[in-house]
Amino acid sequence: MTDAYLDFIKAAQPQLPGAQLPWLSNLRQAAAARFAATGFPGRKDEAFKYADLKALEKTPFTHYNGSNQTVGQLPWLALAGPRLAFVDGQFRADLSGDVDVFAKPLSVLLINDSNALQDHFSDGGDASALAQLNLALASDGLVLRVPAGKDAGTIQVLNVATGQTSRSAAHLRHLLHLEAGAKASVIERSVALGEEDYWSNAVCDIRLEEGAHLQHTQWQSDNLSAMATSLTRVVVAAKAAYHRFTLSTGAASARSEIRVDVRGEETDVQLAGVQLGKARQVLDTVTLLRHEVGHSISNQTYRAVVDEKARTAFSGKVYVARDAQKTDAQQSSRNLLLARTAEADTKPELEIYADDVQCAHGATVGELDKKALFYLASRGVNPAAARAILVQAFVADVIEEIAIDAVKEAYLEATHDWLMEQL
Amino acid sequence: MLKITDLHVSVEDKEILKGLSLEVGAGEVHAIMGPNGAGKSTLGYALSGRDGYEVTAGSVVLDGKDLMELDPHERAAVGLFLGLQYPVEIPGVSNMNFLRTAMNSIRKYKGEEDISAGDFLKLIRAKAKDLGMDAEMLKRSVNVGFSGGEKKRNEMVQMAVLDPKMMILDETDSGLDIDALKVVSEGINAMRSPTKATLLITHYQRLLDYVKPDFVHVLADGRIVKSGGPELAHALEKEGYAAIAA
């Protein structure tokens with residue numbers, strides 16, 4: 001099956017942005033060769049244990065839609081700032097808002113400003129097939145570069161799949177680089193217009209220099225036929241803050257991996273997420289937080305609500321190096337099963353070599369509290385409303401933490417809509 | 001108002017209520033007293049329709065409606081209120097949200113419009129004030145971190161807001177100090193009206209010093225074994241259940 005992908009890469013490469021750049025062609029070919037050597041990860045690969053990527057192997061996702069599909073109104077949030085729309089993996093100026101000095105599409109930069117992007121295309125030591133394929137096929141993405149001390153405001157990114165032809169693929173590659181003391185908020189959403197299956201395979205590289213602050217929210221609302229995989233790599237320097245929230249409601253099978261390297265003291269990393277699974281969805285979140293340096297805090301707060309025959313998973317690893325004293329790393333994964341046929345897996349993992357740290361994890365899997373359901377009923381609340389109020393309460397405290405009100409409200413509403421449909 | 005006839009209730013296949021009959025008229029306050037294990041709490045739960053309390057025989061009619069035909073939330077909607085011995089904590093759900101959802105659920109059942117946010121706020125604030133509950137507590141999660149007395153006071157606020165016609169209060173006095181007991185009693189007394197009725201389920205006579213019952217019944221081994229006026233409660237207190245129920 002890898003052959004089909006390799007043929008596709010060969011055919012696609014001349015048309016990819018930056019095809020004229022020798023350094024980029026070399027990197028893409030090397031990535032294709034590594035993919036050919038490894039193939040797709042299987043369930044024996046620990047980091048992919050709970051993911052379901054069989055569909056990628058069964059029939060290849062090797063269809064490229066043209067770049068001029070007609071697209072109607074897009075679901076932007078009413079927030080000021082640059083808006084970038086990518087449709088089936090291609091930047092669409094006609095659908096985007098103002099693109100400003102800091103936030104630009106990768107495809108445009110590869111024509112004008114390509115040398116500065118060489119680092120971004122190094123594979124970062126990542127050997128997974130998904131990242132290799134992204135490198136080989138990356139067609140576009142957001143490049144956000146914020147100079148020292150500047151505030152780039154709020155940037156919205158929509159990753160739109162037309163979903164009108166089966167087996168199409170979009171490999172977006174984002175770069176977010178905030179120099180010392182810079183600030184930005186990035187609001188991402190993936191969404192589909194049609195019902196056909198497609199594969200969205202994104203890589204996002206984030207570099208936060210000293211004292212930089214990035215607020216990053218993401219709503220994976222792909223259609224229920226889609227494969228949605230993403231890898232986010234974050235490097236955090238001293239006093240920098242990375243606050244991330246992911247709402248995951250879409251895709252037949254989704255896998256979101258986030259790796260954070262803490263490389264300076266007094267950093268603040270907050271990773272949070274809510275996964276809402278129904279039908280036969282498989283929603284998998286994998287995090288790896290590496291505290292290389294001490295005196296930093298990290299918090300991971302993940303919730304999953306699983307109904308019908310869906311399966312969610314959270315694997316969260318915290319690594320604290322020998323010298324990373326005074327690290328405060330907390331992790332919480334709570335999971336709520338709404339049906340006996342649903343499944344939630346949670347796997348916290350602490351690997352700690354320093355002796356003066358505060359690290360804790362808590363993981364629970366449970367059902368709705370029967371006593372609370374009766375209490376609500378005894379006060380006149382009908383069963384559907386009682387379930388809704390308890391599930392909403394289960395996820396709301398995590399969503400309430402989102403600093404941008406418009407995003408918080410959109411996510412609370414999405415959760416409410418999901419519940420109304422399920423209960 | 002409430003007519004219970006030959007009620008048999010089993011919990012996990014063990015018969016707890018063995019033919020209980022009781023009639024509570026409009027405007028009346030009845031007290032059911034009995035030793036531990038007599039089936040007092042089972043009666044409250046069975047009347048409100050809790051899962052696991054299986055009615056094997058008998059009937060319960062509230063204002064002409066057969067309660068056994070209704071789900072728990074429907075029983076509340078037709079005017080039944082059960083004050084719990086151990087009110088449940090619900091993290092993440094504010095008292096406000098809880099009560100507003102309850103009220104609108106009941107209104108929906110009756111085919112009425114939702115109460116407006118403004119009217120609801122006025123109502124709940126007034127009732128909380130009457131019962132001495134701090135308005136800040138209305139924003140807090142239902143019963144989370146509340147003391148025993150605060151939980152029972154919260155039950156009274158819920159009862160006042162939902163305005164039921166048949167109130168069943170299960171050991172509402174248990175675990176309360178004298179001040180909390182007075183608050184709860186005032187809450188119950190404030191609800192006394194010729195169109196409502198109250199059934200107090202209690203182990204001790206103490207509550208009955210504050211809420212004067214019209215009738216007192218003794219429950220033993222799943223049946224009412226003796227009925228009388230308020231004086232029966234005093235006799236029980238003095239002589240004990242064993243002597244009276246024998």
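1. Overall size of chain A. A compact globule of 423 residues would have a radius of gyration near 22 Å, and chain A agrees with this at 21 Å; the radius is taken over C-alpha atoms, and the globule rule is 2.2 Å times the number of residues to the power 0.38. Along the principal axes, the C-alpha atoms of chain A fill a box of roughly 70 × 50 × 45 Å.

2. Basis of the note. This is a predicted model, in which local features need pLDDT of at least 70 and side-chain atom pairs count only at pLDDT 80 or more, while totals for chains, interfaces and linings use all residues. Residues are numbered from 1 along each chain as its sequence is written, and chains are lettered from A and ligands numbered from 1 in the order in which they are written.

3. Composition and burial of chain A. Chain A has 8 helices and 20 strands; helices (H or I, at least four residues) and strands (E, at least two) are DSSP runs, numbered from the N terminus. Of its 423 residues, 52% are buried. A residue is buried if 20 or more other C-beta atoms lie within 10 Å of its own, exposed if 12 or fewer, and partly exposed in between, with C-beta atoms placed from the backbone. Among the contacts in chain A with a separation of 6 or more, 82% are made by residues 24 or more positions apart; two residues are in contact if their C-beta atoms, placed from the backbone, lie within 7 Å.

4. Strand E13 of chain A. Strand E13 (residues 253-262) is largely enclosed by the rest of the structure, because 8 of its 10 residues are buried. Strand E11 (residues 227-236) of chain A runs parallel to E13(A) and is joined to it by 10 bridges; two strands pair if DSSP finds at least two bridges between them. In this pairing A:Thr229 faces A:Arg255 of E13(A). E13(A) also pairs in the parallel sense with strand E15 (residues 282-291) of chain A, over 10 bridges, and here A:Glu257 stands opposite A:Val286 in E15(A).

5. An exposed loop residue. A:Asp113 lies in the loop between helix H4 (106-112) and helix H5 (129-137) of chain A. A:Asp113 counts as exposed because it has 12 C-beta neighbours inside 10 Å. Its C-alpha atom is separated by 28 Å from that of A:Thr229, 116 residues apart along the chain.

6. The six-stranded sheet of chain B. An open sheet of 6 strands has the order E6-E9-E10-E3-E11-E12 (chain B), with mixed pairing. Strand E6 (80-83) and strand E12 (223-228) of chain B are at the edges with a single partner strand each, so one side of each has no neighbour in the sheet. Within the sheet, strand E9 (residues 166-170) and strand E10 (residues 197-202) of chain B pair in the parallel sense over 5 bridges, and B:Leu169 is placed opposite B:Leu200 in E10(B).

7. The four-stranded sheet of chain B. The order E2-E1-E4-E5 (chain B) describes an open sheet of 4 strands with antiparallel pairing. Its edge strands, E2 (14-24) and E5 (65-66) of chain B, each pair on one side only. Strand E1 (residues 2-11) and strand E4 (residues 53-62) of chain B are antiparallel and share 8 bridges; B:Val9 stands opposite B:Val55 in E4(B).

8. Contact between the chains. Chain A contributes 17 residues to the contact and chain B 19 residues. On the side of chain A that touches chain B, helix H6 (370-378) and helix H7 (383-399) of chain A are the elements that give two or more residues, and H7(A) gives the most, with 7 residues.
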